[in-house]
Amino acid sequence: MLAAVAGVGMGLASVTAHAAPARIQFHVPPQTYAEALLDVAQQANITLIGAGACTGRSAVGLQGPYTVEQALERLLAGAPCRWRLIAPGAVEISPLPEAPAPRLSPPVSVAELLVTATKRVRNARELAVAVTAVPRNDLRASGASDAADAAGQLAGVLATNLGPGRNKLLLRGLADGAYTGRARSIVATYLDDVPINYNAPDPDLRLVDVDRVEVARGPQGALYGAGSLGGVYRIVARRPNLSAMQAEVRATGALTRSGTPSAAVEGYANYPVFEDRLGLRLSAYQEIQGGYLDDISQDRENVDRTERRGARLIVLYQPDDNWSVALTAAGQHLRSQDTHYTSPGLGLKRSVRIPEPHVNDITLLTTTLKRSWGWGELVASGGYIRHAYSSLYDATATQDLYTSFARTSAYSERNRTRMLVQDVYLASRGAGAFQWLGGLYGSDTRIHAPTEFLAQIPNLPNIPVYGDTRRDHVREVAAYGEASWMFARGWTVALGGRAFHIDTRTRSAVVSERFPPRDFDRNASTTGLSPKLSIQWEPGSGHLIYAVASEGYRPGGLNSGGAVPLPEARETFRPDRIVNYEIGAKTRALDGRLAVSAAVFYADWEDIQTDQFRPSGIAYTTNAGDAHILGVESEVSYRGPYGLTVQLNGRLARTRTSNPNRDFTNNLVHALPGAPSTSAGALVSWEREIREDWRLNLLGQVNYVGSSHVSFDAAAPKTGGYIRSKISAELVGDRYGVQVFVLNPFDSLNDTFAFGNPFNPNQIRQITPLRPRTLGVTVSAAF
């Protein structure tokens, strides 16, 4: 299928294929440079980026056999632009330098970005999928440092707010509850081509030196398998530049009302070891988020301080136009000294008997190999991921169920997840009417999740009065594919699917003070097929209408914990499955300055898995019931004159639950927990040149999250109904920059998440307030 990116005036064109070294018979008449470059891309089967950067008209054409290099040199001789090879089969066009370019350009419209969320390089506006990408410039300008910060720039993207390293990502209002436990995450989080989460909270990777963040909303089971019911959140790191040395450092300091200062330092260094062949890129960061909550019971101030530090090294070897190998080593350590919830009426104070720290660490080593031919491309990616997190909770409220001699008690949970993953796929290239992709996936996941109930007596060590040493071994294999056919001009139909088999073995040894020990050893397996069907129509340049039906799934599993065994009906939880029907449109107008995307979707979710807590506070997983979600979402991006940029997004949804699991609750809420019916966001920026090499950028951002229940139980409290806001002013030059920003300028303390501790939710109402007004400064220097 021809993938020519519409809107040359926006500065981007793409035709997917391979730059063959042999001579090609070109037939390119004299015309504008942009149109001539598009013809070269189509006839040579290459990916071409930035055709609109070449203004003017070519006085010569191409008639006869040339290599791609010869054709570009001849065509662009005397043109106000230049070309360079940026990847196998990919050429970038850029204007000739006239003066030092500012390091910050106006935020890029969603219409200008190439994405790889569908495992092939495509313009997001040509895909029959609700895909959005936030580019590096937008992330920097808005100060988005992690997934929760970036969520406000993406329609339908939400994050819970239990605290850094404890949150869950939610897409399109598809939520399975506020808690994390045994159920697999409903949003698949990726770093480049490798998944980095299983059932843990989002690792909360800091967005340092990334190229873009991509989000594919709606079930993505055909390409991404289990754990992508809500969609895919993908962080794309910047690859090494093989032709130039680069470096940058950024430092941030901030003051929070009634809190301690915050600070962050981050930077990267790029070094081409062998020009155009081998290079490396090192990124690193250190961050301290100052606390602002005081605990009156413990007589401690600013208890919720968080530290986050990490690094990433990418080595890229590209011996020729057809081969590339990228090796990535990355890690992050995150530690919060305490939880972030309080009680109504206490403001920024709380009363908890003991500290409740949290640690979330992730380490990964990945490799991606790409081999290109004129007819296709092979991509093999794999990696080892170690994700470890632990939490400690005040469990005094339930200690009488476990012991009779403790003064206070704590519940300790730890999780060590080790994943080996391998994904290999082969995709067609070229401009033919028929396109295809086929792949194989395999993973081996081992989870060690010990939990303990600890009785605390003054001046004595903690005494375990309950313990569950649980181990899970999950093996998954899958074969998947997708084929598309342009059966008429502008019309394309695509069919895909994923056949999978997942085996799970759970072993557990439970000991307690009041009950005899017991062992648990069970197996569960899930086999199935996840299909996808889409049809799209491109009536003209920059316009797309599509319809898609897709499916997502999660495997079933086993429960083992608790001093008293669960009833047999609760020892297992069934697989859940969601089918999504969607009609969408993407269009551009006003000479490419206005881009609009909108989608109406209906999702049928059966046997929803949810992590819940027994009265004793011990977690278990069950099936809550079914749900039907009808919604609409939209994104608008406008780049106006005089440096004005406006980005708007919004989502409306109506959810109805049915067929409640009577063994779980008879009072099933008529909505999904943590998924408000309404959410919206707006970002407005204005950029102006102050001097020849300095620019001023003013930015304002506001996001609204509606209210929702915190649990499937209709009697549970509501959360949400709050606004996040930020304003900033940035002065940027060729090498240096300074930004002043204010978070929560109106100093709102609205509740963002009505949950914090599973051992006392019924005794004390819990709320998580917004961070108070925070004033900060960021300075940057590039070398």
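Q: What makes F434, W485, F487, W491, I535, W537 and I545 a nonpolar surface patch?
A: Welcome to this predicted model! Those seven names make a nonpolar surface patch of about 670 Å². Residues in such a patch have over 30% relative accessible area and no salt bridge, and their nonpolar side chains are joined within 5 Å. Strands come into it too: β26 (463-488) and β28 (518-537) are the elements that give two or more residues to the patch.

Q: Why is I545 called partly exposed?
A: I545, found in strand β29 (residues 544-554), has 41% relative accessibility. Buried means under 20% and exposed means over 50%, so I545, at 41%, counts as partly exposed.

Q: How do you know whether D295 is buried or exposed?
A: D295 is found in strand β18 (residues 294-295). Its relative accessibility is 2%, and the cut-off for buried is under 20%, so D295 counts as buried.

Q: Why is S708 called buried?
A: S708 is found in strand β39 (residues 694-709). With 7% relative accessibility against a limit of under 20%, S708 counts as buried.

Q: Which residues does S708 touch, leaving out those up to four places away in sequence?
A: S708 touches G674, A675, P676, P717, K718 and T719. For G674 there is a further detail: its backbone nitrogen lies 3.5 Å from a polar atom of the S708 side chain.

Q: Which residues touch the most other members of the largest nonpolar core?
A: That core has 80 residues, and V131, L139, L207, Y233, I629 and L672 touch the most other members. A second, separate core has 24 residues, including V40, A44, A71 and L72. In soluble globular proteins, nonpolar side chains tend to be buried together.

Q: What is V131 in contact with, leaving aside neighbours within four places in sequence?
A: V131 is in contact with V115, A117, A124, V215, A216 and K586.

Notes
Residues numbered from 1 in each chain as written. Predicted model: local features only at pLDDT ≥ 70, side-chain atom pairs only at ≥ 80, totals over all residues. Heavy atoms only, no water. Helix = DSSP H or I, 4+ residues; strand = E, 2+ residues; numbered from the N terminus. Buried < 20%, exposed > 50% of the residue type's maximum accessible area, 1.4 Å probe, protein only. Core = buried A, V, L, I, M, F, W, Y, C linked by side-chain atoms within 4.5 Å. Contact = heavy atoms within 4.5 Å. Patch = residues over 30% accessible without salt bridge, like charges linked within 9 Å, V, L, I, M, F, W, Y side chains within 5 Å. Areas by Shrake-Rupley, 256 points an atom, 1.4 Å probe, with all protein chains shown as cover. Salt bridge = Lys/Arg side-chain N within 4 Å of Asp/Glu carboxyl O. Polar contact = N/O pair within 3.5 Å; in protein donor to acceptor, adjacent residues only side chain to side chain.
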